[in-house]
Amino acid sequence: MRTSMLRTLARRTSTAGTCRGFASESAPDRKVAILGAAGGIGQPLSLLMKLNPLVSRLALYDIAGTPGVAADVSHINTRSEILGYAGEEQLGNALEGADVVIIPAGVPRKPGMTRDDLFNINAGIVKSLCTAIAKYCPHALVNVISNPVNSTVPIASEVFKKAGTYDEKRLFGVTTLDVVRAKTFYAGKAKVNVADVIVPVVGGHAGVTILPLFSQATPSANLSSEEIEALTKRTQDGGTEVVEAKAGKGSATLSMAYAGAIFADACLKGLNGVPDVVECSFVQSTVTDLPFFASKVRLGKNGVEEVLGLGALSDYEKEGLEALKPELKSSIEKGIKFAHA
């Protein structure tokens, strides 16, 4: 079982195609730090990153509870060395020398709670953690999972700008879960093998700002406009679907951990020089008139190698693109304003 999971991570199919993996013995040393490692997303994410043969050191940080998570995960017989850190005084040690930093820290959504309701708590957490990243590992690739991503990524950018360390090529909002959901839902409706499915998802990472481009999906399927609209709506509301199904006892933690591990794996492959690694991500962008936007991104040794365009859109997708812009613009501005408060 372990071997097959490792193969899945090492040889998985990206948004744009197949990425060649590395055997652990040939991979360079790479340190990954997970901030919020004892939480609902952080624990399964720690497990999945321990299974990744591209990771040589895995630093697990949280305000409490991390020594237990680290001890548990450290018993798994894979390449990476595990170190657990708890409390703000140990944050610097967790970050020092990190190549990739993943931030799932924050509070989860609860029934009736919008992503906006999460804002003040999670925004403060991200601001604090990014201040430490700027100090201890300013050249790391930073993968922001903490919601609302449409605001927390702009917050991170402003923190890094203030510290004089900002590099737009190294900051990512993780929107991979939207892609994972779009692929799953599309495969079910089109009755195709989900492993073969590619669906770009653009825009942002909340509600109507999530725009799956089913017109570009492969393998192509002759779905009706009603079916496309239903798939789009389900992709947009995927987080709410899980929150409601868990009846107030949690949010999308397991699927989010999987998506976070997939994106971190792509970042590591890019750093290691694997060609043609393409994933969707919320990054600084000129694809639209908004300063940040999720679209396909080619990853490389410096993070973002190229932000790819949207391609041909259907009329329905063009309408969706225009409809999402005001809300996404407002969320971005809210993050920038918070960072300067």
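**Exercise 1. How many disulfides does a search of the whole structure find?**

Solution. Keep in mind that this is a predicted model.
- Step 1: the search turns up zero disulfides.
- Step 2: take Cys137 as an example. The nearest cysteine sulfur belongs to Cys130 and lies 9.6 Å away, while a disulfide needs the two sulfur atoms within 2.5 Å. Cys137 is therefore in no disulfide.
- Step 3: Buried means under 20% relative accessible area, so Cys137, at 5%, counts as buried. Cys280 is buried too, with a value of 1%.

**Exercise 2. Work out how helices α5 and α11 cross, and which residues meet there.**

Solution. Two packed helices are described by the angle and the distance between their axes.
- Step 1: find α5 at residues 119-136 and α11 at residues 315-339. Their axes come within 11 Å and cross at roughly 60°.
- Step 2: the two helices are therefore oblique to each other, and their crossing is right-handed.
- Step 3: list the contacts. From α5 come Phe119, Asn120, Ala123, Gly124 and Lys127; they meet Lys334, Gly335, Phe338 and Ala339 of α11.

**Exercise 3. Is Gly42 buried or exposed, and which residues does Gly42 touch?**

Solution. 
- Step 1: locate Gly42 in helix α2, residues 42-50.
- Step 2: its relative accessibility is 1%, so Gly42 counts as buried.
- Step 3: leaving out residues up to four places away in sequence, Gly42 touches Gly36, Ala37 and Pro104.
- Step 4: compare sequence with space. Val69 is 27 residues from Gly42 in sequence, and their C-alpha atoms are 9.5 Å apart.

Technical notes: Residues are numbered from 1 along each chain as its sequence is written. This is a predicted model: local features need pLDDT of at least 70, side-chain atom pairs count only at pLDDT 80 or more; totals for chains, interfaces and linings use all residues. Side-chain values use heavy atoms; hydrogens and water are left out. Axes are lines fitted to C-alpha atoms, for helices over the stretch in contact, and angles run from 0 to 180 degrees between N-to-C directions. Helices (H or I, at least four residues) and strands (E, at least two) are DSSP runs, numbered from the N terminus. Angles under 35 degrees count as roughly parallel, over 145 as roughly antiparallel, 65 to 115 as roughly perpendicular and the rest as oblique. A crossing is left-handed if the near helix is turned anticlockwise from the far one by less than a right angle, and right-handed if clockwise. Contact means heavy atoms within 4.5 Å. Buried means under 20% relative accessible area, exposed over 50%, partly exposed in between (1.4 Å probe, protein chains only).
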